Amino acid sequence: MKLLKLVPDDTNIKFLKWRVPFFVVSILLIAASWALVATKGLNYGVDFAGGLEVRATFTQSEEAPVTELRSQVEALGYGSPVVQRFGEDNQVSIRVRLSDEISADKEAAQEAANEIVRALQAEYSDFRLDGNDNVSGKVSGEFRQTALYALLAAMAAIALYIWIRFEWQFGVGALFALFHDVSLTLGMFALFQLEFSLQIIAAILAIIGYSLNDTIVVYDRIRENLKKFRKMPLPELLDLSVNETLARTVMTSLTLFVALLPLLLFGPASLFGMVAGITLGLFVGTYSSVYMAAPILVWLGVTSDSFVPTETVLDQQEKKARGLV
Amino acid sequence: MLDFPTWRKVWLWLITGLCVFAALPSLLSATSVRWPDALPQPMVNLGLDLAGGSHILLEADASQVASQRLENMEENVRGLMRRAEPRIRIGDVSTRGGRLSFILDDPSQVDRARELMLPSINGNGLVREWDLTVEDGNRMILTPTAEGIDQAVSDAMESATEVVRKRIDELGTREPTIIRQGDTRIVVQVPGLQDPEQLKALLGQTAKLEFKLVDQNALPSDVQQGLAPPGSEIFPYAETSDFAGNSLAVRRLGGIRGDNLTGAQQSFDPQTNEPVVNIQFDTDGGRRFAKLTTDNVGKPFAIILDGQVLSAPNINEPIRGGSAQISGGFTVEAANALAISLRSGALPVDLAVIEERTVGPDLGADSIKRGMLAMAVGSALVIVLMIASYGRFGVYATVALVINVAMLLGIMAALNTTLTLPGIAGFVLTIGAAVDANVLINERIREERKRGRRVIAAVENGYKEASRAIYDANITNFIAGVLLFLFGSGPVRGFAVVLVIGLFTSVFTAVTLTRMWVAGWLRTAKPKDITL
């Protein structure tokens with residue numbers, strides 16, 4: 001039986017030739033992402049912004065009356081709500097950011113949620129309450145903080161480990177690749193104003209994990225080749241390493257993609273944001289491992305000596321004793 | 001490298017078998033197959049975001065505990081000094097600035113007063129609860145110690161958790177989870193609860209019940225301005241009362257607290273037919289209630305719940321039977337909730353709902369169904385791709401992947417962890433990592449063959465060289481996972497747990513198990529060439 005080969009043998013793509021333009025584009029993309037986050041802002045869900053969210057299905061309708069809902073909830077006087085389709089056309093999520101006074105008063109915050117649900121139940125006979133979240137400003141602030149700490153701590157520890165296992169240049173390279181992935185993902189969430197919640201933090205973590213896998217596989221091969229081909233110029237050696245691992249990169253990305261695609265197409269609506277984030281990160285992560293993590297090593301000055309153990313005094317004594325010197 | 005002694009094979013199969021076995025009850029629960037009762041029943045809990053239900057995070061106000069404690073101390077000191085023989089006269093009692101101070105009229109009594117207070121200051125003897133200092137020879141100052149306050153908050157939270165548990169048990173819901181979290185928080189999770197309003201109404205009530213005599217000398221105009229006569233205090237009427245918006249002055253001392261209740265039931269007033277709550281006192285409470293009502297026939301007394309006056313009926317005759325009736329314009333539901341709250345005892349501290357999440361059961365079930373279908377289709381596609389690319393080695397990888405999923409479920413069930421939506425992201429990542437490990441190994445074997453190595457050497461080298469990258473990748477992810485668990489909150493933690501367990505199972509299945517199978521095959525079939 002003839003087996004499927006996605007990447008032909010002996011590929012020799014000159015990835016490094018285009019490293020400067022690709023790098024410039026990536027830096028621009030990172031800058032653009034942060035600019036988007038700064039100007040448009042992230043569409044924080046109730047996890048991070050506080051307030052309340054009501055999710056509902058209009059069981060007898062084809063489509064949820066989004067515009068009507070917006071004006072109806074607004075008329076209740078809790079400020080302007082964010083009404084979004086959520087999964088099917090007849091499912092919506094209604095988010096209201098409560099004022100600080102209301103959110104601080106437990107009874108007022110609960111009353112607000114009750115009032116919205118009651119008003120909509122009275123108005124629409126086919127209104128089915130699928131769930132509601134009510135997060136006080138205090139807790140949402142804690143969520144923001146712990147999520148940020150967790151991300152930063154994980155990234156720092158990862159860089160440290162790679163520095164110890166490889167060389168500092170590799171640690172910096174991996175960290176840069178992760179920074180690139182996280183930035184671009186945040187940029188996308190800002191651009192399309194997708195709801196940014198704790199689930200998305202889980203997605204970003206999955207992206208970091210995946211991108212890291214990719215980076216380490218390439219780095220491991222670079223390390224191996226650095227020991228093997230001591231005279232080869234670095235750009236050429238990096239190209240060789242990336243080409244050698246290309247079959248693996250394509251195959252892994254493809255299998256993960258086919259696993260994610262059904263979740264994206266007909267998985268539960270509540271998972272959509274998270275799966276979309278992971279899928280996006282799959283592409284970004286693969287790209288960054290090949291075009292960021294490897295080329296940056298050229299500028300950081302990795303040499304073929306990086307992985308040759310330095311001779312110690314003990315080694316020299318041993319050599320002398322054996323009459324090798 | 002490809003040597004597998006029998007004892008090692010036995011070990012590997014034993015571990016695999018145990019983990020898969022532990023996964024069976026969870027996998028079977030979705031089908032109609034019954035798991036024999038005699039066997040252990042490890043189950044993966046489904047988080048509320050998947051199973052439907054309510055999650056409520058309650059927070060206590062620690063400063064309330066401190067001020068309550070100060071008030072109790074004031075009462076305690078007044079009592080001690082009054083009961084002393086001869087009586088110790090004190091004045092200028094103040095609880096300002098979080099400490100209690102008072103002046104002894106006779107400075108020579110300082111040592112006696114100190115001795116009287118000693119047991120209260122030292123508390124239960126484990127921690128010193130108060131610091132006592134004397135200023136100007138006759139001003140005694142009691143300052144609560146930090147350890148004492150911590151202890152009091154911790155005690156209050158413990159009994160609050162107990163009260164919450166009793167109240168939720170009264171709802172008759174299935175398997176609620178009630179856990180203390182941090183210093184001042186309680187997490188309540190009730191799977192399958194459709195109406196969280198009922199739950200919140202029950203938990204939002206402190207249920208501190210007091211019976212106090214109405215101060216009939218207070219001028220209504222003063223009361224409305226918030227001015228209480230000496231020895232009295234002012235409480236507002238509850239919103240449900242006929243006098244909502246008004247206030248009432250009651251006598252500070254001589255009342256009864258609802259601490260000594262043995263029962264409370266919702267019922268109806270035989271005359272007005274309005275919902276009321278019947279309560280029963282224990283012997284001590286009944287005796288004091290009888291005394292209060294006997295001494296004050298014809299006078300009104302106020303029924304005060306959580307600092308609000310429910311009603312202030314006249315005492316028509318002494319109530320000696322040890323039971324009483326509370327009325328106050330209740331609905332049937334409110335009267336029922338109050339009865340439950342009174343039966344479970346008062347909360348020692350107010351609890352505020354600071355986070356609430358409810359997922360309807362329909363949505364949860366739908367999420368699981370769609371998630372399962374998507375995972376099944378995704379897995380099928382991955383399997384096709386793996387076998388088409390790597391033939392026999394792809395089959396090994398696929399079997400390893402299936403075992404990996406089962407083992408991960410099994411370990412989660414054995415540790416009784418909870419699978420949540422973000423946990424599913426962890427699952428996807430784990431499956432990705434497992435597939436990646438096999439892809440790495442198989443691609444490496446291909447390479448080694450291309451370089452002209454013989455079959456056995458190529459396979460050996462493939463596993464050896466690929467393992468380095470696999471271990472490095474998994475260790476970095478492990479470090480990340482542990483940090484996420486340490487620093488993260490709820491959902492991030494759910495992700496981290498799955499990730500960390502999954503790293504172990506994926507390395508075990510994708511590297512160790514497949515190597516055992518490949519070695520076994522190479523040994524028996526002795527192939528000259530392999531299709532890869």
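## Charges over aromatic rings

In chain B, the charged end of Arg493(B) lies over the ring of Phe485(B), at 4.4 Å from the ring centre. This arrangement belongs to a predicted model, as does everything described below. In chain A, the charged end of Arg223(A) sits over the ring of Phe166(A), with 4.1 Å to its centre.

## A nonpolar patch from two chains

Phe485(B) also takes part in a nonpolar surface patch of about 870 Å². Chain A supplies Leu148(A), Tyr149(A) and Leu152(A) to the patch, and among the residues from chain B are Phe478(B), Val482(B), Leu486(B) and Phe504(B). The elements giving two or more residues are α6 (137-165) of chain A and α12 (455-487) of chain B. Helix α12(B) makes the largest contribution, with 5 residues.

Val482(B) is found in helix α12 of chain B. Its relative accessible area is 33%, so Val482(B) is partly exposed.

Over all chains, the whole structure holds 40 salt bridges. One of them pairs Arg165(A) with Asp472(B), where the closest N and O atoms are 2.6 Å apart.

A polar contact of 2.6 Å links the side chain of Arg248(A) to that of Asp436(B). Asp436(B) is placed in helix α11 (residues 421-450) of chain B. With a relative accessible area of 4%, Asp436(B) is buried.

## Salt bridges within chain B

Arg69(B) and Glu129(B) meet through their side chains in a salt bridge, at 3.8 Å from N to O. Arg69(B) lies in helix α3 of chain B, while Glu129(B) lies in the loop between α4 (110-122) and β5 (130-135), so the pair ties together parts that are 60 residues apart in sequence. Arg69(B) is buried, at 13% relative accessible area, and Glu129(B) is buried too, at 15%.

Another salt bridge is formed by the side chains of Glu447(B) and Arg451(B), with an N to O distance of 3.2 Å. Glu447(B) counts as buried at 9% relative accessibility. Arg451(B), at 41%, counts as partly exposed.

## Aromatic pairs and a cluster

A search over all chains gives 28 aromatic pairs. Phe281(B) and Phe289(B) make a tilted pair, with 4.9 Å between the ring centres and 35 degrees between the planes. Both Phe281(B) and Phe289(B) are buried.

Elsewhere in chain B, one aromatic cluster is made up of Trp13(B), Phe393(B), Tyr396(B), Trp517(B) and Trp521(B).

## Backbone features in loops

The peptide bond between Glu85(B) and Pro86(B) is cis, with omega about -5 degrees. Pro86(B) belongs to the loop between α3 (62-83) and β3 (90-94) of chain B.

Gln193(A) is not a glycine, yet its phi is positive, at about 55 degrees. The residue is located in the loop between α7 (168-192) and β6 (195-196) of chain A. A relative accessible area of 27% makes Gln193(A) partly exposed.

Asn416(B), also a residue other than glycine, has a positive phi near 60 degrees. Asn416(B) is in the loop between α10 (361-414) and β19 (418-419) of chain B. At 49% relative accessibility, Asn416(B) is partly exposed.

Definitions and conventions:
Residues are numbered from 1 along each chain as its sequence is written. Chains are lettered from A and ligands numbered from 1 in the order in which they are written. This is a predicted model: local features need pLDDT of at least 70, side-chain atom pairs count only at pLDDT 80 or more; totals for chains, interfaces and linings use all residues. Side-chain values use heavy atoms; hydrogens and water are left out. Rings of Phe, Tyr and Trp (its six-membered ring) pair if their centres lie within 6.5 Å; planes under 30 degrees apart count as stacked, over 60 as edge-to-face and the rest as tilted. Buried means under 20% relative accessible area, exposed over 50%, partly exposed in between (1.4 Å probe, protein chains only). A charge sits over a ring if NZ of Lys or CZ of Arg is within 6 Å of the ring centre and within 35 degrees of the ring normal. Helices (H or I, at least four residues) and strands (E, at least two) are DSSP runs, numbered from the N terminus. Patches are made of residues with over 30% relative accessible area and no salt bridge: like charges are joined within 9 Å, nonpolar side chains (Val, Leu, Ile, Met, Phe, Trp, Tyr) within 5 Å. Accessible areas come from the Shrake-Rupley method with a 1.4 Å probe; for residues, only the protein chains shown count as cover. A salt bridge is a side-chain nitrogen of Lys or Arg within 4 Å of a carboxyl oxygen of Asp or Glu. A polar contact is a pair of N or O atoms within 3.5 Å; within protein, one must be able to donate a hydrogen and the other to accept it, and residues adjacent in sequence count only if both atoms are side-chain atoms.
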